[in-house]
Amino acid sequence: MSAGAHLTRGVEGEALHKNPPTQPWSRQRMTSAQPKLNHAHKEMMMSITTAERAYAATLDADDPLAELRNAFHIADPDLIYLDGNSLGRLPRATQALVNAITTQQWGERLIRGWNEHWFYLPEQIGAKIAALIGADADEVIVADSTSINLFKLALAALKAQPGRTRIVSDDLNFPSDLYVLQGAVELLNAAHQLLIIPSADGIHGPIGAIEQALDQQTALLSLSHVVFKSGYRYDMAALTAAAHAVGALTLWDLSHSVGAVPIDLHAANVDLAVGCCYKFLNGGPGAPAFLYVRRDLQAQLRNPLTGWMGRHDLFGFALNYTAAEGIRRFLTGTPPIVALALIEPGVDLMLQAGMDRLYAKAVAQSRYLIDLWQRHLAPLGYTLNSPPNAAQRGSHISLGHPDGLAIDLALIADLAVLPDFRQPDNIRLGIAPIYTRYQDILTAVERLIEAIRGEHYLRYRDRLPTVT
Ligand SMILES: *Cc1c(COP(=O)(O)O)cnc(C)c1O
């Protein structure tokens, strides 16, 4: 490594130290200035053999979905992107759509755009997402954010069951979901109780303890289908049946599972669900989210955020609220049309690929990664913080390491890999089968080796503040 290169990277490290990153996206932003791997780096990576490289190339050549990668904008071919579970890549069709929506629909058509393109977009895109999650077209609508949709559906479910006061969730759930449920309890004058069931190992869902906690007092079971740290996947049908056996409703968060694993809400008889469009669906940063309400429940449930978009005959401009028929009652205000419309190309690509084929590739790729972990990374101190069994996983693999955060920072700043990091020690490697190549996975492993062997992480460890 040249002195110049060292200096550049030292300066970056310094900047890191002064502004310890606390948000995954603030860290990712720093990568724009990252140096390319130089020749010296490449020679240091001795442990991946030519045969392994050739094998990865064969897997890519045999991949029936390989072409779909070309549907995405890939700005830097050397950058290994393994964070599609947090922010999916940009589809090329979305780039073209930005111009159509702004210049043509908005710029030229002006207010006529509402009738020509926009008014029914929440249910039109909802219908496409419905096809990905085993729901009917009129049971899914796109609106607001995942957190807000969770709030609307949780409160609706609690208000609909006045005799029941318990919400059951787990400590693997995404914190925002727990905050929303806590907020709902507070709004209902703390007459309710949120039970957060702990996972024994921080990886697997506490199924037995959840089943035991469900009782006649339980109004709602609310869980992430795939949990955000370990990638553990619940058996949605089994737990929904357990909740129904005591008369409780279920509210599943599909944020980390939609577009990653097959979902059949009807087969599982799920009552309510929400999910995110900017992760595996590639809808763009801050894309609106979706919500699902099983058809027979729609008339019984009341959206607590009553706004004009959810009113029956909204252009009657009557002074009193009456809920719209069907799924539209779960809308509140005017949708952010530009962000909403940009969800569609990503969803179209998922439908084109087919969830079964995507899932088959995700399983093959995660097995490949686990196999590489076992041979190359476990000896360096990396642990598998995800379930080894594919049937219990979504589509990301968490690797633990005592120096996990320092390694994560080194990967991002020095080694052209973008994973993300979740406390206490999870380096999350997201596999988005629609654009991830087997060779990307092999290269990421090579760089995870290099982060340790090349002692890149040491600089970041030394520069970390003692309290993060
Ligand atoms: C990503 C994610 C969210 C995101 O919620 P926002 O309202 O979009 O911030 C919510 N829940 C889960 C389980 C997630 O993984």
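A nonpolar patch on the surface is formed by Trp106, Leu110 and Ile111, whose accessible area together is about 390 Å². The model is a predicted one, in which local features need pLDDT of at least 70 and side-chain atom pairs count only at pLDDT 80 or more, while totals for chains, interfaces and linings use all residues. Residues are numbered from 1 along each chain as its sequence is written, and side-chain values use heavy atoms, with hydrogens and water left out. Accessible areas come from the Shrake-Rupley method with a 1.4 Å probe, and for residues only the protein chains shown count as cover.

Helices (H or I, at least four residues) and strands (E, at least two) are DSSP runs, numbered from the N terminus. Ile111 counts as exposed because its relative accessibility is 67%; exposed means over 50% relative accessible area, buried under 20%, and partly exposed in between (1.4 Å probe, protein chains only). Helix H5 also holds Thr94, which counts as buried at 5% relative accessibility. Leaving aside neighbours within four places in sequence, Thr94 is in contact (heavy atoms within 4.5 Å) with Leu342 and Pro345.

The chain contains 18 helices and 13 strands. Of its 468 residues, 57% count as buried. The chain exposes about 19400 Å², of which 57% is supplied by carbon and sulfur atoms. Among contacts in the chain with a separation of 6 or more, 73% are accounted for by residues 24 or more positions apart.

Seven strands form an open sheet with mixed pairing, in the order E2-E8-E7-E6-E5-E3-E4. Strand E2 (140-143) and strand E4 (193-197) stand at the edges with a single partner strand each, so one side of each has no neighbour in the sheet. From one strand to the next, the twist averages 20 degrees. Two strands are taken to pair if DSSP finds at least two bridges between them.

Strand E6 (residues 249-253) and strand E7 (residues 272-275) run parallel and are joined by three bridges. Across this pairing, Leu251 has Leu272 of E7 as bridge partner, and Trp252 has Ala273. On the other pairing considered here, E7 and E8 are antiparallel, with four bridges; Val274 stands opposite Leu291 in E8. In a regular strand the side chains alternate between the two faces of the sheet. Both faces of E7 are covered, with Leu272 and Val274 buried on one side and Ala273 and Gly275 buried on the other.

Helix H7 (residues 121-133) touches E2 and strand E8 (289-293), and its direction makes about 125 degrees with that of E2. Helix H9 (residues 175-187) lies across strand E3 (166-170), E4, strand E5 (218-224) and E6, and runs at about 155 degrees to E4. Axes are lines fitted to C-alpha atoms, for helices over the stretch in contact, and angles run from 0 to 180 degrees between N-to-C directions.

Ile327 is found in the loop between helix H12 (295-298) and helix H13 (337-341). Ile327 is buried, with a relative accessible area of 7%. Apart from neighbours within four places in sequence, Ile327 is in contact with Asp138, Glu139, Val140, Ile141, Leu291, Val293 and Gln298. Ile327 and Leu297 are 30 residues apart in sequence, and their C-alpha atoms are 9.9 Å apart in space.

Helix H16 (residues 404-414) is largely enclosed by the rest of the structure, because eleven of its eleven residues are buried. Among them are Gly404, Leu405, Asp408 and Asp414. H16 is followed by Ala416, which has a positive phi, near 55 degrees.

How values were computed:
Patch = residues over 30% accessible without salt bridge, like charges linked within 9 Å, V, L, I, M, F, W, Y side chains within 5 Å. Salt bridge = Lys/Arg side-chain N within 4 Å of Asp/Glu carboxyl O.
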